[in-house]
Amino acid sequence: MKQKYIKRQLSDKSSIEWLVGKGYQIEYAEMLSARGISADNFDNYFSDTPVFHSPFEMANMKEAVETISYVLETGGSVLIYGDYDADGLTASSILSLFFTDNGVENTVLIPTRDEGYGLHADKVIRAFERNFYDLVITVDCGISNADEVNRITEELGVEVIVTDHHELPEVLPDCVCVNPKLGYPFPYLAGAGVAWKLVEALSDREVASRYSLLAAIGTIGDIMPMQDENRSIVKLGIENFNHKNLQKLAEISKCNHSINANDIAMKIAPKINAAGRVGYPEKALSFLLCRDKIDNKLCDQLLELNDIRKKMLDDIVSESDTMCNVETIYDERMTFIYSDKWSHGLLGIVAARYKEKYQLPAVVMTLDGDNYVGSARGIDTLDLFEIFNSCKDYLVKFGGHRASVGFSVAKERLQEFRSALAKSLRSIDAGSFEKVLYYDLDVTSETKLSDILSLSDNLEPLLPQDKVVCRIRDVVKFANTFGKNDEHLSVMLASGLELKGFFKYGKYAPFIRNGANVDLLCTLAIDSYSKKICGIIEDITLENSVNFDEFYRLNLLKNFTPSSVKYIDDCEVRKVLNQDSVLAVFNDYDTYLSCAEKYDFAQYFVDIFFDNSISNKTVVVSPFADYNYAKYNQIVYFCDKDIFRPMSNKTHYVLTDRANADLYLLDLNREICLDAFRALKNKSKFDSVKSVYDKYLLGKMTYAQYLVSLRVFEELKLITIVDNYTVTFNKTDKQDLTNSTIYNCFVK
């Protein structure tokens, strides 16, 4: 059976031995080594000594400083051109506040999402019509805008300095370009990090520290790796949390403890991003530039814009869901959707939603004049920037990172671009689309959870996706749901550890509450109510349990369709199972085990009930009616004779013997059906369909017999089950039960 959870790979043994020598237990030394921690960078993680590189090690920094210093010395003015996300806004604020503090006249120009990402010469030219500037500096943009820079310098006769951190295009702008990817000991700074290094080069680190909080927010907001200098910038920024408006925002956002990177990532940066996403980046800019006093009006506006963002996002997702054809998505290996009226600012969030939903790249666009402007998000195992680069001939422009790309495409070339992108994705090995879930530590009965939590705290700053992940195999003692629509899960394990699973995990409660073996990944936290250590579920896998047998039985009886099909032989079964993108379906686990002795499922991941697989070769036992069959090219259903689940037209049927012969035996007869019908007739307005059985039939028949009786009545059109509480009786002549194909499947 294919493993879903993979422990992070160990680094070289010497680093493990060195960490053990520092006093770490072997399992923690292995964990730290697997995260890339060694003698060379240990201090960057665990000491108070920061790691900062000289800003002048960055290519072209000296030239940039010389130009800017001349403007400062001669009393010139500066136009700062930024971007509308948290990184671009904080980068703009860093330079603006620094120049203001040093008496330099400056103006910040931020494009709206409707205008699109990147440097726009027209916007700069219009700004010069109102006021002349001696220098234009870009932050978090410009490296892919060679034509725009040329136009600005030629038409305005002004010098441009580009500071950016995005991937380098084939043709660089003809100006001073400051980008760590052009040459620097650490190439993964955010746009705000580059702006902060420019301030450091213009002054010194002590002066630059005054603006470090903004650099930290930009670094976290743009999801830059928490390594090397980024760690030092974020640590310094959190230590200097001296921005009045941001302090107020943290308070409003219920950051009730010492601020950490997770708070910034989950509670602060999204609210700054929201203003740009709904078309008002200047509100967030004003908020960030108001450093020395609280402006309650600006704080309220930021929160209001965040609420608008949530509502607009819900509306777009509701509409875009209707555009998604699941089979097309898996055929093209991407979600590709577009509209004439969506907000530019929400395209990235929508793309991220669909990337997570289908575990495939997502491309989302909206019409802007003669072009579609879009945002794309990629999966961890692919380089999205390179994929777009292979299709650049179809694009007006594009730029971004390995995981995120912004672009525009002419309306008349949209379908050509779509075909080229799909072709590029189809050419990639199918294994590259499989997601692997990595974890750090195996938790056993000897593990001290407090030690893990302490080590995790010492690793700060950590982005949400970088938290220490534990793998736990245990038995559920009890489980309940909580929250709106019972969408959240609360679990108590036999070990005594309480777990919480938010949103999608509530559906697991009925199956594990009576005791079940689980294999899961979680992070650790202090529960805000009990003040005890609890686990936050990251992923959960059900392991077969004898308690599941009744669920297997009822699930099939609820969903089966009597039919006749053509079965394939053993040779054909093996041929199909050896291909890529195959789903093997079983009605129960015993039948799967029996067939596993005959067929090779070593490369298959095993699902039970839920669509939880991250592999393109999956076994699913007793799938629910909403299981996602569309993502597989072929389905092999190992089934009982003439009793099937509804399947797609891609299904191959394999006739199997029941491994558990008693599991689906019902001994249905006329008397049982009559008792069930009479009980329904006695149903009160407040009785549910299930409670009719509990109230009148418990002890007279099994629930499975009752359930199938209802299906017989529906097939004969005697009743209509409207919902869980409503049953209507249809006026019809008496029916012979033997006219029901369902009845004939289970009658003695």
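1. Overall composition. The protein chain contains 28 helices and 27 strands, where helices (H or I, at least four residues) and strands (E, at least two) are DSSP runs numbered from the N terminus. Its radius of gyration is 30 Å, close to the 27 Å that the globule rule gives for 748 residues, so the chain is as compact as a globular protein of that length. The radius is taken over C-alpha atoms, and the rule is 2.2 Å times the number of residues to the power 0.38. Along the principal axes, the C-alpha atoms of the protein chain fill a box of roughly 100 × 65 × 55 Å.

2. Basis of the values. This is a predicted model, in which local features need pLDDT of at least 70 and side-chain atom pairs count only at pLDDT 80 or more, while totals for chains, interfaces and linings use all residues. Residues are numbered from 1 along each chain as its sequence is written, and side-chain values use heavy atoms, with hydrogens and water left out.

3. The parallel sheet. An open sheet is formed by five strands in the order β3-β2-β4-β5-β6, with parallel pairing; two strands pair if DSSP finds at least two bridges between them. At the edges are β3 (105–109) and β6 (176–178), each of which pairs on one side only. From one strand to the next, the twist averages 20 degrees. Within this sheet, β2 (residues 77–81) and β4 (residues 135–139) pair in the parallel sense over four bridges, and I80 has I137 in β4 as its bridge partner.

4. Helices on the sheet. Helix α5 (residues 86–101) lies across β2, β3 and β4 and runs at about 145 degrees to β4. Helix α6 (residues 121–130) also touches β2, β3 and β4 as it packs on the sheet, its direction making about 150 degrees with that of β2. Angles run from 0 to 180 degrees between N-to-C directions, and axes are lines fitted to C-alpha atoms, for helices over the stretch in contact. Contact means heavy atoms within 4.5 Å.

5. The α15/α17 pair. Helix α15 (residues 296–321) packs against helix α17 (residues 347–358) at an angle of about 50 degrees, the axes being 10 Å apart. The two helices are therefore oblique to each other (under 35 degrees counts as roughly parallel, over 145 as roughly antiparallel, 65 to 115 as roughly perpendicular and the rest as oblique). The crossing is right-handed, that is, the near helix is turned clockwise from the far one by less than a right angle. R309, L313, I316, V317, S320 and D321 of α15 make the contact with I349, V350, R353, Y354 and K357 of α17. By class, this contact has six nonpolar, one polar and four charged residues. Ala, Val, Leu, Ile, Met, Phe, Trp, Tyr, Cys and Pro count as nonpolar, Asp, Glu, Lys and Arg as charged, and the others, Gly among them, as polar.

6. The α2/α20 pair. The axes of α2 (residues 26–34) and α20 (residues 449–458) come within 12 Å and cross at roughly 30 degrees; these helices are therefore roughly parallel to each other. Their crossing is right-handed. Y28, M31 and L32 in α2 meet D451, I452 and L455 in α20, a contact with five nonpolar, no polar and one charged residues.

7. Backbone points to inspect. E460 and P461 are joined by a cis peptide bond, with omega about 5 degrees; P461 lies in the loop between α20 and β14 (470–482). K531, a residue other than glycine, has a positive phi near 65 degrees and is found in the loop between β17 (517–526) and β18 (533–542).
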